[in-house]
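Please consult the sequence and the structure shown below while reading.

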Amino acid sequence: MPAISTIFDKANRRIFLLALFVIALDQFTKWIVLDSIYEGDEKVIIPGFFNLAHRANTGAAWSLFTGNNALLAIVAVVALVVLYLSRRHFSSHTITGQIAFGLIFGGIIGNLIDRLLPGRHAVVDFLHFYLWPRGAYEPWDFPAFNVADSAICTGVALIFLISLRNENAPKPAAG
């Protein structure tokens, strides 16, 4: 069990504060969508490129595992615990590592809140990017996502960059 002083050290405070910001921004933007767009509807923002949508996703990314909301909530909690316990292995002592973990924790918790809230029980996705090529009957589109999803993807990308940088760093000479 980590000591109380370790739990509240500067690195963990930074991770916590960024995660809290991501959660607040994620939930605020979802509240706006829930309040202004009916489920299944979209509002065109940039024709042929970007809409604000209201999609309820009981699955994971790209609606994989649709209908498994409870199982995905459990997976999210397990992921939070494993990430918290293993964060030291991924440079969480650096500012970049702290940003990465703050984004990942905030994103996971933001989507977990959606899964657990009574009456919602689904992640609210609303950012819908697409291209409608000339002469095409259907757009080329990317599945709708949200602030939490963006934070998770950005955090994971940062972890990959940190790992790559650490792998390519010069190793100390044996001696």
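## Packing of helix H5

The buried residues of H5 pack against helix H2 (10–36), helix H4 (95–116) and strand S3 (123–131). Contact means heavy atoms within 4.5 Å. Helices (H or I, at least four residues) and strands (E, at least two) are DSSP runs, numbered from the N terminus.

The model is predicted: local features need pLDDT of at least 70, side-chain atom pairs count only at pLDDT 80 or more, and totals for chains, interfaces and linings use all residues. Residues are numbered from 1 along each chain as its sequence is written, and side-chain values use heavy atoms, leaving out hydrogens and water.

Helix H5 spans residues 147–168, 22 residues in total. Its buried residues (under 20% relative accessible area, 1.4 Å probe, protein chains only) are Val147, Ala148, Ala151, Gly155, Ile159 and Ile162. Seen down the axis of H5, these fall within an arc of 110°, so they line one face of the helix; the arc is that of the directions from the helix axis to the C-beta atoms.

On the other side of H5, Cys153, Phe160, Leu161, Glu167 and Asn168 are exposed, meaning over 50% relative accessible area.

## The start of H5

At the start of H5, a side-chain oxygen of asparagine 146 comes to within 2.9 Å of the backbone nitrogen of alanine 148.

## Helix H2

H2 has 27 residues. Among its buried residues are Ala11, Ile15, Val22, Asp26 and Lys30.

Note on methods:
The expected span of a helix is 1.5 Å times one less than its number of residues. A polar contact is a pair of N or O atoms within 3.5 Å; within protein, one must be able to donate a hydrogen and the other to accept it, and residues adjacent in sequence count only if both atoms are side-chain atoms.
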